Amino acid sequence: MLEIKCPYCGKRSQNEFAYGGDATVKRPNLGDEVSTKEWDNFVYFRDNPRGKHTEYWHHVAGCRQWFKASRDTATHEIFNTASLEEEL
Amino acid sequence: MQNYSIFSLVKNAFSNHQDWEVAWKDPEPKKEYDVIIIGGGGHGLATAYYLAKEHGITNVAILEKGWIGGGNVGRNTTILRSNYMFDANAHFYELGMKMWEDLSQELNYNVMYSSRGIINLAHTDGQLNAYARRGNSMRLNGIDAILLNREEVKKMIPFADFSDTCRFPIVGALMQPRGGTARHDAVAWGYARQADSMGVDIIQNCEVTGFDVENGKISGVRTSRGEIKTKKVGLCVAGSTTLLADKLNMRLPIEAHVLQACVSEPVKPLLHNVVTFGAGHFYCSQSDKGEMVMGGDLDGYNSYAQRGNLPMIQHVLSGGLAVFPNFSRLKMLRSWGGIMDMSMDGTPIIDKTHIDGVYLNCGWCYGGFKATPSSGFVFAHTIAKDEPHELNQPFNLDRFHTGNIIDEKGVGPKPWIG
């Protein structure tokens, strides 16, 4: 069982959370000249690291806030969590 | 190579089974090979076998970091099927189904293929309509499919919850009668033994640490057991694909996720088919030993850990109990996890790459086992001829740029949701 520290509610069990994927993926800015290749890379291509992974989680069965977490994909250790505005 | 038969069994009984030939050797890596396959799982072993058998390329090495068959080919739930709607998938997986039918004879190794039928339960009229559509697509592609009504399903699995009060009433099912199971370890061992007998070197405990690429062309691989020269390299490393692709400066449309499975204690024969629960993500078959082999959803977060967490086991089994209430007192024997190479459209990638002589076989999501023979067959063709077989042409890497993605499930590029 993962224990995830919601930045708003504190430590809760994994059951209360939903995963939101890689948080380093950046949508190209509105109005920018974007090549189709850049769009494809944004939509489909991922770094998929073994080790430290920055990702979104949603406290869906709690305060319903989205936040970021830094977690190890090899050990499942969660290093820290932060609200979307904060630096991890 | 020693042939396995009733006669060799009797003959070896006289020497207390002490004199059997080893099934495959344990060679030292040579300085150079024509082809190196990275990954001694089902797909890697099958690829080496078909390279030798179909294309006469026998100067081949399989480099395996651990031991052969220790990854996903030994961790799956052994289900075989070709019940796909899209043409590209249907044709490819149907080749696999045809190959399973005589694989035991082909390999002279009993892979225990059992065409017990796979039943996808439907719980609403809409779902049954969708299954009818899929079944019709399958039949148009020459694949067997039967639409079952509630009474017909009840005859096959009378112990499922057919009460009037249950949350997800069973209204019917789609069945592929030729679908079934096979013994996964035997598949790996059978391919290994035959590949070895044709001259393929199976090199275990040999981790690939880097690649030598000169002018856009592969010239060798660096391993924990020294450098090995080669002109062609095939990657069959499933969940570890990104780790090797990183060393080749390739960024792929793949995420690694952990999928768990579990088995119960063995019980007497009860469940004679493979059954999938259409209202949640739960599927089950009974092994020849009597264990209920069960699986379901991904744990739902990126992972390379080969182990998951209990909440997902609980979630999957609660879905299982909704359809099979009589499983509630089964004791669980063990659970385990494997790393899935989840592609962003749910379909595998079997293709050449931007580096001359490097070939990619990945993105199997949670469906790689059933494709073992067909994947090995078309990947061997792709490597030997330096061009894709017509069946894996749609599974190209470029589809993520051309827009020709094959999204059978239609979940979008969020593999943890599917």
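This is a predicted model: local features need pLDDT of at least 70, side-chain atom pairs count only at pLDDT 80 or more; totals for chains, interfaces and linings use all residues.
View 1. Cys365(B) lies in the loop between strand S18 (358-362) and H10 of chain B. Take a look at the backbone here: phi of Cys365(B) is near 50°, a positive value in a residue other than glycine. Is Cys365(B) buried or exposed? With a relative accessible area of 9%, Cys365(B) is buried, since the cut-off for that label is under 20%.

**View 2. H3 and H10 of chain B packed against each other.** Stay with H10 and bring in a partner: helix H3 (residues 87-101) of chain B packs on helix H10 (residues 372-385) of chain B with their axes 7 Å apart and at an angle of about 110°. The two helices, H3(B) and H10(B), are therefore roughly perpendicular to each other. The crossing of H3(B) past H10(B) is right-handed.

View 3. H2(B) passes H7(B) in a left-handed crossing. Which residues of H2(B) and H7(B) meet? On the H2(B) side they are Leu45(B), Ala46(B), Ala48(B), Tyr49(B) and Tyr50(B), and on the H7(B) side Ala188(B), Tyr191(B), Ala192(B), Gln194(B) and Ala195(B). By class, the contact of H2(B) with H7(B) divides into nine nonpolar residues, one polar and no charged.

View 4. Helix H5 (residues 125-140) of chain B has 16 residues. From first C-alpha to last, H5(B) reaches 22 Å, close to the 22 Å expected at 1.5 Å a residue. Which residues of H5(B) are buried? They are Gln127(B), Leu128(B), Tyr131(B), Gly135(B), Ser137(B) and Met138(B). The cover over these buried residues of H5(B) includes strand S4 (118-122), strand S5 (146-149) and strand S6 (172-176) of chain B. Follow the chain just past H5(B) and you come to Gly142(B), which takes a positive phi of about 80°.

View 5. Chain A has one helix and six strands, and from the N terminus on its elements run β-β-β-α-β-β-β. Along the principal axes, the C-alpha atoms of chain A fill a box of roughly 40 × 25 × 20 Å. Of the 88 residues of chain A, 40% count as buried. Among the contacts in chain A between residues at least 6 apart in sequence, 44% join residues at least 24 apart. Now zoom in on the loop between strand S4 (52-58) and strand S5 (66-72) of chain A, where you will find Arg64(A). Arg64(A) has a positive phi of about 65°, although it is not a glycine. The relative accessible area of Arg64(A) is 59%, so Arg64(A) is exposed.

Terms used. Residues are numbered from 1 along each chain as its sequence is written. Chains are lettered from A and ligands numbered from 1 in the order in which they are written. Side-chain values use heavy atoms; hydrogens and water are left out. Helices (H or I, at least four residues) and strands (E, at least two) are DSSP runs, numbered from the N terminus. The expected span of a helix is 1.5 Å times one less than its number of residues. Buried means under 20% relative accessible area, exposed over 50%, partly exposed in between (1.4 Å probe, protein chains only). Contact means heavy atoms within 4.5 Å. Axes are lines fitted to C-alpha atoms, for helices over the stretch in contact, and angles run from 0 to 180 degrees between N-to-C directions. Angles under 35 degrees count as roughly parallel, over 145 as roughly antiparallel, 65 to 115 as roughly perpendicular and the rest as oblique. A crossing is left-handed if the near helix is turned anticlockwise from the far one by less than a right angle, and right-handed if clockwise. Ala, Val, Leu, Ile, Met, Phe, Trp, Tyr, Cys and Pro count as nonpolar, Asp, Glu, Lys and Arg as charged, and the others, Gly among them, as polar.
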